[in-house]
Amino acid sequence: MTTIAFLGLGQMGFPMANNLVKKGHSLKVFDLNPQAVSQLVSAGAVAALTPADAAQDAEVVITMLPNGDIVRQVLMGEQGVCETLSPEALIIDMSTIHPLQTDALIAEMKEKGFAMMDAPVGRTSVNAQDGTLLILAGGSPDQAERARNILLCMGSEIVEAGGPGMGIRVKLINNYMSIALNALSAEAAVLCESLGLDLNVAIKVMTGTAAGKGHFTTTWPGKVLKDDLSPAFMVDLALKDLRIAIDVARQTGAPLGMGKVAETYYQAATEAGRGRQDWSALLSEIREMSGRVNKH
Ligand code: NAD
């Protein structure tokens, strides 16, 4: 049984804290919303008046808050966690915040003599209720080990992301990709409808192709990730097909903003002499644009 201060009892934090109580941990909870606090008290937690009050005697502090400024305020502001926290305690920030702010917070807390790790979560509030969150653990190996049993009360899977700040980095990359893909998918669906094609047919086809499955697990492993850019499907041909889609969209009135941005990358790859390389060479092209070293 661990004494835990839990700060932030919203859509995610409430069920996560509730699962910790159910697993027998001793929780002192704080939220600006008194209703959330009193509901958790009914479930067996103790109410705290401030973050500092919650952190008194805590072995672990968990934050599940809307953004990095609020996490900072709750930790270091007036009546914040730092005012009462034992230097032996471990702070686990499970919120989704800016990764550079995570780095700064971990460094500032270290200067003050406190240990802090990032462990943001994947999946939704339904998983928070079921205790089946995907937990992306940053932190040192020691911190990750120390947090493990507590994290497993809230999630069914822990990925150790590779050190302090790496949990929030992988969370950012995952969200960036799935959020952008949602826009691309919506554009493709509207293009499909604008052409009179049944969306269900498109969904059936794309369930088995790189369009639906993504490139990380389909086209990339055998090509660019193996440093093999011999073409399975050439950049020039991909650009030709992309331009047909853009032209069709222009004629049917479907918005294709994501497609037009993609065209600039494919065009740059062609102009850089990659036209006859495999289309996965887009990774090499975009790496080069960022000034990163490339083998090809
Ligand atoms: P939420 O808005 O439902 O909950 C945030 C809680 O923080 C609220 O109860 C609010 O009263 C409380 N709060 C705000 N300021 C506070 C302060 N100064 N002191 C104490 N409490 C304060 O948000 P949520 O959906 O629970 O998300 C929490 C975090 O988890 C966010 O960083 C979010 O991006 C991330 N996240 C959410 C989901 C999701 O599906 N909702 C999934 C993964 C990660």
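**Close-up views of a predicted model**

**View 1. Arg123 sits in the loop that runs between strand 7 (121–122) and helix 6 (125–130).** The model shown in this and the following views is predicted. With 16 other C-beta atoms within 10 Å, Arg123 is partly exposed; a residue would need 20 or more to count as buried, and 12 or fewer to count as exposed. Leaving out residues up to four places away in sequence, Arg123 touches Thr132, Leu133 and Leu134.

**View 2. The residues that UniProt lists under "binding site", in an unreviewed entry, are Arg123, Asn174, Asn175, Tyr176, Met177 and Ser178.** These residues span 56 residues in sequence, but no two of their C-alpha atoms are more than 14.4 Å apart, so they gather at one spot. Asn174 belongs to helix 8 (residues 166–194), whereas Arg123 is in a loop. Asn174 has 14 other C-beta atoms within 10 Å and is therefore partly exposed. Arg123 is also classed as partly exposed, with 16 such atoms.

**View 3. Thr63 is part of strand 4, which covers residues 60–63.** Thr63 counts as buried because 24 C-beta neighbours lie inside 10 Å, and the cut-off for a buried residue is 20 or more. Apart from neighbours within four places in sequence, the contacts of Thr63 are Leu7, Gly8, Val71, Val74, Asp93, Met94 and Ser95. Glu160 is 97 residues from Thr63 along the chain, and the C-alpha atoms of the two are separated by 19 Å.

**View 4. The span of residues 3–159 is listed by UniProt, in an unreviewed entry, as "domain: 6-phosphogluconate dehydrogenase NADP-binding".**

**View 5. Helix 11 (residues 235–252) packs against helix 12 at an angle of about 150 degrees.** The axes of helix 11 and helix 12 are 10 Å apart. The two helices are therefore roughly antiparallel to each other, since angles over 145 degrees are classed in this way. The crossing of helix 11 with helix 12 is left-handed. On the helix 11 side, the contact is made by Val235, Asp236, Ala238, Leu239, Leu242, Arg243, Ala245, Ile246 and Ala249. On the helix 12 side, these residues meet Gly259, Lys260, Ala262, Glu263, Tyr266, Gln267, Ala269, Thr270 and Arg274. The contact of helix 11 with helix 12 comprises 10 nonpolar, 3 polar and 5 charged residues.

**View 6. Helix 12 (residues 257–274) and helix 13 (residues 282–289) cross at roughly 90 degrees.** Their axes come within 10 Å. Helix 12 and helix 13 are therefore roughly perpendicular to each other; the range for this class is 65 to 115 degrees. Helix 12 contributes Tyr265, Tyr266, Ala268, Ala269, Ala272 and Arg274, and helix 13 contributes Leu282, Glu285 and Ile286. The residues of this contact are 7 nonpolar and 2 charged, with no polar ones. Tyr266, Ala269 and Arg274 of helix 12 take part here and also in the contact with helix 11.

**View 7. The protein chain, shown whole for orientation, contains 13 helices and 9 strands.** The C-alpha trace spans about 65 × 45 × 30 Å along its principal axes. The chain has 296 residues, of which 35% count as buried. Of the contacts between residues at least 6 apart in sequence, 59% join residues at least 24 apart.

Note on methods:
Residues are numbered from 1 along each chain as its sequence is written. This is a predicted model: local features need pLDDT of at least 70, side-chain atom pairs count only at pLDDT 80 or more; totals for chains, interfaces and linings use all residues. UniProt positions are given in the numbering used here, feature names are shortened, and annotations may be inferred rather than shown by experiment. Helices (H or I, at least four residues) and strands (E, at least two) are DSSP runs, numbered from the N terminus. Two residues are in contact if their C-beta atoms, placed from the backbone, lie within 7 Å. Axes are lines fitted to C-alpha atoms, for helices over the stretch in contact, and angles run from 0 to 180 degrees between N-to-C directions. Angles under 35 degrees count as roughly parallel, over 145 as roughly antiparallel, 65 to 115 as roughly perpendicular and the rest as oblique. Ala, Val, Leu, Ile, Met, Phe, Trp, Tyr, Cys and Pro count as nonpolar, Asp, Glu, Lys and Arg as charged, and the others, Gly among them, as polar. A crossing is left-handed if the near helix is turned anticlockwise from the far one by less than a right angle, and right-handed if clockwise.
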